[in-house]
Amino acid sequence: MDTTATVSDTTLASPETGYERPNYLNAAYGMRSWLLTRDHKRIAILYLISVSVFFALGSLFALLIRLELLTPEGDMVQPDTYNRLFTMHGVVMVFFFLIPAIPAVLGNFLVPLMIGAKDLAFPKLNLASWYVYNLGGIFTLWSIVHGGVDTGWTFYAPLSTQYSNTYVISAALGVFINGFSTIFTGMNFIVTIHRMRAPGMTWFRLPLFIWSHYATSLIIVLGTPVIAITLLLVAAERLLHLGIFDPRLGGDPILFQHLFWFYSHPAVYIMILPAMGVISELVAAFARKRVFGYRFVAFASIAIAVLGFLVWGHHMFLAGQSIYLSTIFSILSMLVAVPSAIKVFNWTATLYEGSISYQTPMLYALGFIGLFTIGGLTGTMIATLGIDVHVHDTYFIVAHFHYIMVGGTIMAYMGGLHYWWPKISGRLYPAFLSRLSALLVFVGFNLTFLPQFVLGYLGMPRRYWSYPPEFQVLNVLSTAGASILGVGYVLPLFYFIWSMRYGKRSGDNPWGAIGLEWDTPSPPPTDNFHTIPVVTRPPYAYNEQEVHDRTSHPEARVG
Amino acid sequence: MASTTMEPEADAAAHHHPALQHQFDSLEQQKESSTLGMWLFLVTEIMFFGGLFTAYVVYRRTFQGVFAAASHHLDVTLGAINTAVLIFSSLTVALAIWSAQMNRRKGIVFFLVLTILLGGVFLGIKTVEYSHKFHDNLVPGPNFHFDGPSPEKAEIFFSLYFIMTGLHALHMIIGMGVLAALIRPAWKGRYDASYYNPLECTGLYWHFVDIVWIFLFPLLYLLGAHAR
Amino acid sequence: MAEHVTSRKLYFAIFAALMVLTAATVAVAKIDLGALNDVVAMAIAVAKALLVLLFFMHVRYSTRLTALTAMGGFLWLAILIFLTMTDYLTRGVLLDDVPGK
């Protein structure tokens, strides 16, 4: 038996007539209606704007870094300035883009829709989360305007607590405040998923996107407070000249690293788990097949969340950490690769004998699977003590995490935006341009970061403003790649905005996908569903007949 | 679990309760959600204070002797009195919620006020302690002076002491503020057996602050309590 | 709504128990038990915390999810402290008998 498909919604107004049904976008007009909204969908759009601004800022820093690295000599900026560039690139990208992007934009928009709820559990907290995000952003921007910070995004003591003469405290405060924004989102998701599922929506009927965001939220709640207190201690030590991390006064700088990485390692899972959730959705939709090994993928998300807290010492192999503990962390780091690998195998198995179409979201999903695999495998390489001794603090590490963050998370984010854009806006974007962008992103990305693996292995240190001349060719390739990548990211900005006004109306379910979010109009009404659905089908219950009935543009080839 | 209500008309009674928010189907769902939400926030607080406890445990083990000597300078009696005061205030806030469950409007207000007063007593005693430390030159900074070997390690003890108890006191002040904000609606009869979520959630927060102190007291004060 | 109401008697009893435990911890601290001092102090603190959690915070009468959430928080703090301490406990421990540690 089917879920109560809102057939009436699909026939009410057709794209041809252009009649604008009441939806969350036209429910009210004016700044106040946006800035004081409680609607999770509007808050998602607010976040979309904010994270895009910070992404642009972080990219600007990246551009300047790559420009400096075109030549072996340090000749574009001062070495101090270069330190500030890579620090602010890291701080902005990690805390203000990678961590919030998928959860606060796609998660906020989709979680209530996917579980059949009217909104999140705490709508006001959701809005507060956005304001707090911007408040943290303001402190960080303030520090940037005054010259930024030069400690690296990792704020290591005693550089951050004593020797740096940059605006450490305001940047740390910015990150501290931003942490609350993330915590509010995490709290909201956990309560919503536990308590607000529609009738019949049991745990194992949930889309894997929800499982991923649930696991992410667990990490957020357990880990973020630790970096908060750590940064507070850094600020206190810096202001009051305490000795908690100062070796001359009996303190231990490695304690800072323990506290810092206890959060910052799980933070990378905050960045990748939502992306994995997106990929599960994309792979199912564009292979027209349910995800292979659903329960394994669901439990793998939880396993990643738990195991992710037990590996932080692999960032400290060379810091002076006990060799015995390092060995334990190394083994545990191998272990955490397993659930990620399970997911990659299961996505691949989903594709096998699926009915695959190569629309833009699928291009990003396929890119993700390949690039994340490379990033993940190199991760197991550096989890090995013997290799890490050689490549720690080189470009090998830089390449590894960019493969995961950019080749992984950002590709998933782009894929998700392209997949759900019709749901969010009710519009389609130009197919050719979007596929071109995906291609540019893929090519640009690999050209940027593949050479960096080689550079790192050959010994080029990271965070250095100059390098030996024999590394120049690879660096030039990397910078060329970055330029192409940049174009690939800029194009969607233009065609998404263009589509809001001039894009063809998408109809409610242009992909013919299965999920509660597709059973409601595009764009959805403010309360999401005219009647709360009762769920009786398993997740991703694809079969050809159903797909044909659902697709509102059966003949159209969309994005 | 998730409500089984589907048609809005069917659950008329719940929908007429003024406190029911539109995203929820029933007061019960709302209560369970806000309680779970508060508990999740408390988990973040456990980890927040937890970072400080970690630092303390690490240094306590490394500098056992100096930390014991430094702890000797803390006033065990005042600390014990404060512990009793906080436990008492946990009782009073629990009784405020009990009053709501019993529809005793004035009882709610009485116990809220009593809790705030007890919080004030705690902070007053803390102020006395802090001023003693100031006069004894035990506040970390340029005026810090410790009689004994490794004064810099003693300074770490006092840094942690002030940060941990200071953060705790800050949480108490915030808690007192929230409790105070509940007095007016309580007086107006907004809370009763059918709805007292804000009281419950604030109570949970207050009890948590009490638990933090339950651990702070022995760790900081009782270290050097036995005579040497 | 069926909501468990704890009796005032129980609240007062828990309060009394907490007071007794507080007095006990102060008394024991004044006796030198060596390494046991820490153990006893922490055991008493844990007992007090449990009383507050179970009865004042109603965990005893709440859902399993609530209990799991509370337990999870403390468990995670234990992980942080334990693994970090392992570093300090095993640094400089050499398996071979090498002079000059």
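View 1. A:D252 is buried, at 12% relative accessible area (buried is under 20%, exposed over 50% and partly exposed in between, with a 1.4 Å probe and protein chains only). In this predicted model, local features need pLDDT of at least 70 and side-chain atom pairs pLDDT 80 or more, while totals for chains, interfaces and linings use all residues. Residues are numbered from 1 along each chain as its sequence is written, chains are lettered from A and ligands numbered from 1 in the order written, and side-chain values use heavy atoms, leaving out hydrogens and water.

**View 2. The salt bridge between C:R91 and A:D252.** These two side chains meet at 3.1 Å, N to O (a salt bridge is a side-chain nitrogen of Lys or Arg within 4 Å of a carboxyl oxygen of Asp or Glu). C:R91 follows helix 3 (64–90) of chain C and A:D252 sits in the loop between helix 9 (208–240) and helix 10 (253–287) of chain A, so the pair joins two chains. Helices here are DSSP runs of H or I with at least four residues, numbered from the N terminus.

**View 3. C:D87 and its partner C:R91.** Their closest N and O atoms are 2.8 Å apart. C:D87 is buried, with a relative accessible area of 0%, whereas C:R91 is partly exposed at 26%. Shared partners link A:D252, C:D87 and C:R91 into one network of salt bridges.

**View 4. B:K31 meets B:E200 in a salt bridge.** The N to O distance is 3.9 Å. B:K31 belongs to helix 2 (residues 27–62) and B:E200 to helix 7 (residues 197–221) of chain B, so the pair ties together parts 169 residues apart in sequence.
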